[in-house]
Structures are given as C-alpha cells and as structure tokens.
Amino acid sequence: MHQRLSPKRHGFVYRIFMFLLDLDELEAVRGAVPFFGVNEPNVFSLDDRDYFQFHSRGIRANLETFLESQGFRERPARVELLTLPRLFGYTFNPVSVFFCYDSAGRPLVSVIQVGNTFGELKPYLVPVADGGGFHARLPKDYYVSPFSDLDLEFDFRFGVPGAKLRVAIDEYRGGERVLVSSLAGERLEMTAANALWMALKYPFVTLKVIFLIHWEALRLWAKRIPYRLKETDPAAQRGAFRSV
C-alpha cells in the first residue's frame, strides 16, 4: 500500500507474495522445493547479485560486513531474509528486509534494503526499538522515485516475523509526513505446493511490480506532480550500491 499525502493525494494497493528465508537453511529449502534455486536458474531463485555487495562470499557475509561498517560488532547467530525471489530469472525488489537474531533467538538488529529502477540498492540499519520490533528514522539520501525528493527522511517501523507481519516505510519532510507505505501479509509454510500456488495465484509477480511502478509514475505525471530527474543532483545520493 502506498498513499502519497503531499503535494497531492495519490494511493494504490496491490497484492504480491514474498519469501521469508533463513539464510542458513537455503540448501534445505532447495532440496524441499525442487523449483527453487540458489545462484542458479529456476522458477524461483535467490541470487547474491540482487543484494548489496562488498565481496563475493555470499549474502550473509556481505550483511555482516555492512553491520561492521555501521559499528555493529556482534555477529548474528541467525538471519532471516524477507524478499521477492527471482521468477524465471527476472527480479525487481523494491524492498528486502534482513532480520538478525542472537544465539538465544532474540531480535538483534535489522537491515532494510531499498531498490530503485536504476539497478541501485541502498541498505539502512534499523535497530531494535525500546518497545519491541524495529524502528529508525534516517536520512533518505537516495533516488527512489522522480516524484520524491532525496532530502526527506525514511521512517522504518516493523516487527519480528510471526504468523503475520507488517512493514511500514513512511517519508517525512521535517515533521510533516508526506508519504505512507506498508507491506502486510500472513505467513504460509514454505512447501513446494505453497510456492507453486503463489506462482499460479500471482503469476510473473516481479514483472507485475516493475510494470505497476511505471504505471503509477504515469498517473502521477498526469496529475502534474513535480518530478526531479536522477541526474539533477547526483551528490545528494549517498551510500548506494549497484547490483551486479
């Protein structure tokens, strides 16, 4: 769900599915779901190239390097990744979330990766909130949409994955909230039957996401909402990675 509040109201709601994967259990999932692959072609696949990279040692190693770069020294005992998989080799991931836990299974920290249509990825460190879950308000410094300024703040709020999960990502200009967005859903067991059902229920979901992004951009342009080209102020974008 997206609801733009300023300078003009504009909203939409669409249905998708995502995978929630334990990064230490990928080979087990691969064995249980024959049409799921890891760094290889398949109906569904998880590919290292689709996540921010410091080196070639895999998703978990890159995550740990990012945590260290942010001054977070404790190594997660377990990591879950909420993401859109590649579907028949194609992917576009507006947002992926890493949930990190300590050896006792307690939430440790999270990292949320935001993607744009230029093949760029930006990770944001989101700590555990005092009241539970995760929360941070951080400078955006990243070109996501031509209709959204780079000098805003992202406000990330979400809980630990359970039977249900809601991830909220709002945008603020100072004290004014200018955009509300959320991802909400119910959890299904990762089985071959359920994965196949999702593929049939939401066919070509990654193509659907990229098509709808451009469709909504056209609707915003038709409403004469001001826009900014990416090359207008390249110095305003900081900390982004380019997908390989």
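Two strands count as paired if DSSP finds at least two bridges between them. The views below show a predicted model.

**View 1. An open sheet of six strands, with E3 at one edge.** The strand order is E3-E6-E8-E9-E10-E15, and the pairing is antiparallel. Strand E3 (19–22) and strand E15 (241–242) are the edge strands, each of which pairs on one side only. E3 and strand E6 (residues 78–83) run antiparallel and are joined by four bridges. Within this pairing, Leu21 has Leu81 of E6 as its bridge partner.

View 2. Leu23 has a relative accessibility of 11%, so it counts as buried, the limit being under 20%. Apart from neighbours within four places in sequence, Leu23 is in contact with Ile59, Arg60, Val79, Leu81 and Phe98. Leu81 is also the bridge partner of Leu21. The C-alpha atom of Leu23 lies 18 Å from that of Ala195, a residue 172 positions away along the chain.

**View 3. Salt bridge between Asp50 and Arg86.** The closest N and O atoms of Asp50 and Arg86 are 2.8 Å apart.

**View 4. Salt bridge between Glu64 and Arg60 in helix H2.** The closest N and O atoms of Glu64 and Arg60 are 2.6 Å apart. Because Glu64 and Arg60 are four residues apart in H2, about one helical turn separates them. Glu64 and Arg60 are buried. Arg60 is also one of the contacts of Leu23.

**View 5. Salt bridge between Asp102 and Arg106.** Asp102 and Arg106 have their closest N and O atoms 2.8 Å apart. Asp102 has 10% relative accessibility and therefore counts as buried, which requires a value under 20%. Arg106, with a relative accessible area of 54%, is exposed because its value is over 50%.

**View 6. A network of salt bridges.** Side chains of opposite charge can pair when their charged atoms come close. Here the linked residues are Arg137, Asp155, Arg157, Asp170 and Arg177. The salt bridges in the model come to 23.

Conventions:
Residues numbered from 1 in each chain as written. Predicted model: local features only at pLDDT ≥ 70, side-chain atom pairs only at ≥ 80, totals over all residues. Heavy atoms only, no water. Salt bridge = Lys/Arg side-chain N within 4 Å of Asp/Glu carboxyl O. Helix = DSSP H or I, 4+ residues; strand = E, 2+ residues; numbered from the N terminus. Buried < 20%, exposed > 50% of the residue type's maximum accessible area, 1.4 Å probe, protein only. Contact = heavy atoms within 4.5 Å.
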